[in-house]
Each structure stands twice: as structure tokens, then as C-alpha cells.
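Please keep the model in view while reading.

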Amino acid sequence: MTNIVFDWKRTLYEPEEDELIGGALELLEWLGSQEIPTVLIGKGDTDMYGKVDRLGVRQYFSQVIFREGAKIQIYLPFLSTRLMLSKQSSSVTVYAQSLRLEMCLALQRFG
């Protein structure tokens, strides 16, 4: 089984428009129907949790993690080791607008 980690801004959510990117909801609905575990991460404060709730997508994620900070590593302590290294999981796929984020998570998993 594959686990999916989504970055929030500019991957699923367009901050300038304050709305989901076209097709994001349909994708999350499909992943949910396939029972594929997903995690949402992003930079931001408590207001980002409110946006996730307002847009009605929290239900599609097993974890929602927002943190303030300039470095990508701020997420690593908060990602569930069980999700990333689960015996039931064959892989983790990361969708992000930042290659640095993808590389950082890959190093955490395989490094």
C-alpha cells in the first residue's frame, strides 16, 4: 500500500485565491474511496487549520500538520514514524511544489 504526503500551499491550496486548486477535491475524494492513507503538511500557523476545515478537506487526511519556520526539517518530528515506515506500507509518495521538501522526506525515510 502507498502512503501519500501532500504539501498544502500551491499543491492542493492556492493561497492567493484562498481556494483549492482545481481538481484537488476530486483527487482527495478518489484517494479516500481507495482507502489510501494521506497526510497534509505545510508552513503556517493555526489559521491554516481553519482553512482546511472551511474548505472541507480535513476528513481526507490521517494527519494535518502545519508549522511555522523557514526550514523544511520542521515537519520531520511530527510525521508519524508508523506512517512512514509501516510494515503495511510499500512506499510513501510526496506531492509538493518544493523539491527540497521531497528530498528531505526521502532522506528521512531511506537515509
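## Order of elements

Read from the N terminus on, the elements of the protein follow the order β-β-β-α-β-α-β-α-β-α, which amounts to four helices and six strands. The model is predicted, and the confidence attached to its parts should be kept in mind throughout.

## Confidence

Averaged over the protein, pLDDT is 77, and 61% of the residues score at least 70. Confidence is highest in strand β3 (residues 19-20), at a mean of 96, whereas helix α3 (residues 81-85) has the lowest, at a mean of 49.

Within it, V39 stands opposite Q63 in β5.

## Core, burial and surface

The largest nonpolar core contains 18 residues, and those with the most contacts inside it are F6, W8, L12, L40, V57 and F61. At least two residues of this core come from each of β1 (2-7), α1 (24-33), α2 (46-54) and β5 (63-67), and α1 gives the most, with three residues.

Over the whole protein, which has 111 residues, 39% count as buried. Of the contacts between residues at least 6 apart in sequence, 64% join residues at least 24 apart. The protein exposes about 6500 Å², of which carbon and sulfur atoms supply 52%.

## Two positive phi angles

Most residues other than glycine have a negative phi. Which loop holds R10, a residue that is not a glycine but has a positive phi? R10 lies in the loop between β1 and β2 (13-14), and its phi is about 65°.

A second case is E35, a residue other than glycine whose phi is positive, near 55°. E35 is placed in the loop between α1 and β4 (38-43). Is E35 buried or exposed? With a relative accessible area of 63%, E35 is exposed, because this value is over the 50% cut-off for that class.

Key: Residues are numbered from 1 along each chain as its sequence is written. This is a predicted model: local features need pLDDT of at least 70, side-chain atom pairs count only at pLDDT 80 or more; totals for chains, interfaces and linings use all residues. Side-chain values use heavy atoms; hydrogens and water are left out. A nonpolar core is a set of buried Ala, Val, Leu, Ile, Met, Phe, Trp, Tyr and Cys residues joined through side-chain atoms within 4.5 Å. Buried means under 20% relative accessible area, exposed over 50%, partly exposed in between (1.4 Å probe, protein chains only). pLDDT is the predictor's confidence in each residue, from 0 to 100. Two strands pair if DSSP finds at least two bridges between them. Contact means heavy atoms within 4.5 Å. Accessible areas come from the Shrake-Rupley method with a 1.4 Å probe; for residues, only the protein chains shown count as cover.
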